Amino acid sequence: MIIVVKSQVTCGTPQNGIVQGFRDINNTNYSNTPICINVQFHIVRDSNGSGGVSNAFVDQIVNLLNSKFNQHNIYIRNAGVDYINNSNFYNTNDSYFSSIVATNNNPNAINFYLVNSCSNWAGRAEQIVSRNLVIVNSYAQTGVSAHELGHCINLWHTFHGSPAEPSSGSCAEAINGSNCNSCGDYVCDTPADANVGATQGYNPDLTNIMSYSPPANLDHFTSLQGVRMRDALDGSPVLQQVKSNLCGGITGESIICPNISSTFSISNPNNYQVFWSVNSNLSVVGTPTNSSIVVKSATSTTSGMGVITATINGSTFNYQVWVGKPNIEVQLNSNSNYVDIDLISGEGNNITLQGINSTTWTKTASTNNGQAGGSGFSGFGHGPNLYWTVTLKITASNSCGTTEITRVITPAPPGPCNETLKLTKISKNNYEAIIIDPCSGSNTTSTSKQINTDNPITAELINMSGVRVAIFNKNKFDLNKYNKGYYIIVVTKNSKKIVQKILIE
Ligand SMILES: [Zn+2]
């Protein structure tokens, strides 16, 4: 007897479909709302009605799926179980896929077909974004179920676009992730993966559900995979009809201001007993019922994330609601004479949950001709040398009021091998960026060495109001067509940023 040990199982989902993005940057509140999806289970049996899995087996699949998807505020509802008696489908191959998923198909659910064996794959979604998948029973209680459902909700393999999975229109994610938005799996918090393991400079997450790892190792989705799925459930026409309001989940306002009571509700059609709790930023008003709770901010000065928790029939739902005025801080990403300034939550959580509708960035003082500005959640500071400071007043407002912070921005001291920019004027309004790396080459002390002038360089042209007016992906650029005046050029290479002020004549 020959035993073949296969560490990777095959996924049959076509990886060459249209890449769809559903990000709606104007919609910041929906991440608070639980999304419930119907999954209809189809148990395939032999033509004579024998074989097939039990309802209890299906319940265990639902529990497994919820354990992976609930973290991303996506809830799986068992919309029903039916049986299909067909020996060609029971022990099957890929040629039957479209016939299987056409059988008993529920248009208002993701259809989850359970077959006994398949000669081509362990599981397959119809395509990336679809309502249909087929899984071999022996893999259904592993991460393969979440993997195929992930494909239905717009997730690609973590190694998509690599030589292991080329397809037209795709591209490999760079090891440093610099092109993560447009290549690979289009998700920036999954490390680059070429399906070669942790070799050749790659350090993939081999427990990610969308990687090719042994099924028992497929453990989790990243938070941005969760965002990508929620975006698809929010925007994909194919998926709108699978959403349901029957999973439970808490609904209500996304922000509470001091001294105002607010009601939060839970879907509970069977009137199960609901156990409510709130965190220390909230207090409960009156007595909660099996359908709602009334809360207000804990104090008149509370500024932080409130969490409302409801446990209903064994499932626990959490709802985040921002309480009070914004709570903001700055995070500096400093690089020689340039500093990236990110406005972040003072509590360390996602600043987009604070309901902030406007910000101001005002320079109030500086030394050594330091400059700074910003808009929204991002700003920058720079100076002509490495020893400048800027005092920046930043305000953020939401419907509860305005919070102001003042911070002194300084550049970090340069490292001994920091690359520096030399911006050379070739001719009138024509420039060339050259990266000087003082530590490259054999002689690291006496001469700087010019390197990689042809490597991808990103140069941004920013006007004195802080607005980016152009971006160049090459190291030579012609600025003749832009309005005359002073600008900042920001050159980025290898995630380093360097700045120079120039005059367009
Ligand atoms: Zn797959």
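**Exercise 1. Is the crossing of α1 and α4 left-handed or right-handed?** Work it out on this predicted model, then describe the contact.

*Solution.* 
- Step 1: find the two helices. α1 covers residues 55-69 and α4 covers residues 143-152.
- Step 2: look at the axes. They come within 9 Å and cross at roughly 65 degrees.
- Step 3: call the hand. The crossing of α1 and α4 is right-handed.
- Step 4: list who touches whom. From α1 you get I61, L64, L65 and K68, which meet S145, A146 and L149 of α4.
- Step 5: sort that contact by class.

**Exercise 2. Find the largest nonpolar core and see what surrounds L114.**

*Solution.* 
- Step 1: the largest nonpolar core has 57 residues, and L114, V115 and I135 are those with the most contacts inside it.
- Step 2: ask where the core comes from. Strand β1 (residues 35-45) gives the largest share, seven residues.
- Step 3: zoom in on L114. Skip its neighbours within four places in sequence, and its contacts are F41, H42, I43, V44, V53, I135, N137 and A140.

**Exercise 3. Describe how β22 and β23 pair up, and find the bridge partner of T395.**

*Solution.* 
- Step 1: β22 (residues 389-398) and β23 (residues 401-409) run antiparallel, joined by nine bridges.
- Step 2: check the link. The two strands form a hairpin, with two residues between them.
- Step 3: start from T395 and step across to β23, where its bridge partner is E404.

Methods: Residues numbered from 1 in each chain as written. Predicted model: local features only at pLDDT ≥ 70, side-chain atom pairs only at ≥ 80, totals over all residues. Core = buried A, V, L, I, M, F, W, Y, C linked by C-beta atoms within 7 Å. Buried ≥ 20, exposed ≤ 12 C-beta atoms within 10 Å, placed from the backbone. Helix = DSSP H or I, 4+ residues; strand = E, 2+ residues; numbered from the N terminus. Contact = placed C-beta atoms within 7 Å. Axes fitted to C-alpha atoms, helices over the stretch in contact; angles between N-to-C directions. Left-handed = near helix turned anticlockwise from the far one by under 90°. Pairing = 2+ DSSP bridges.
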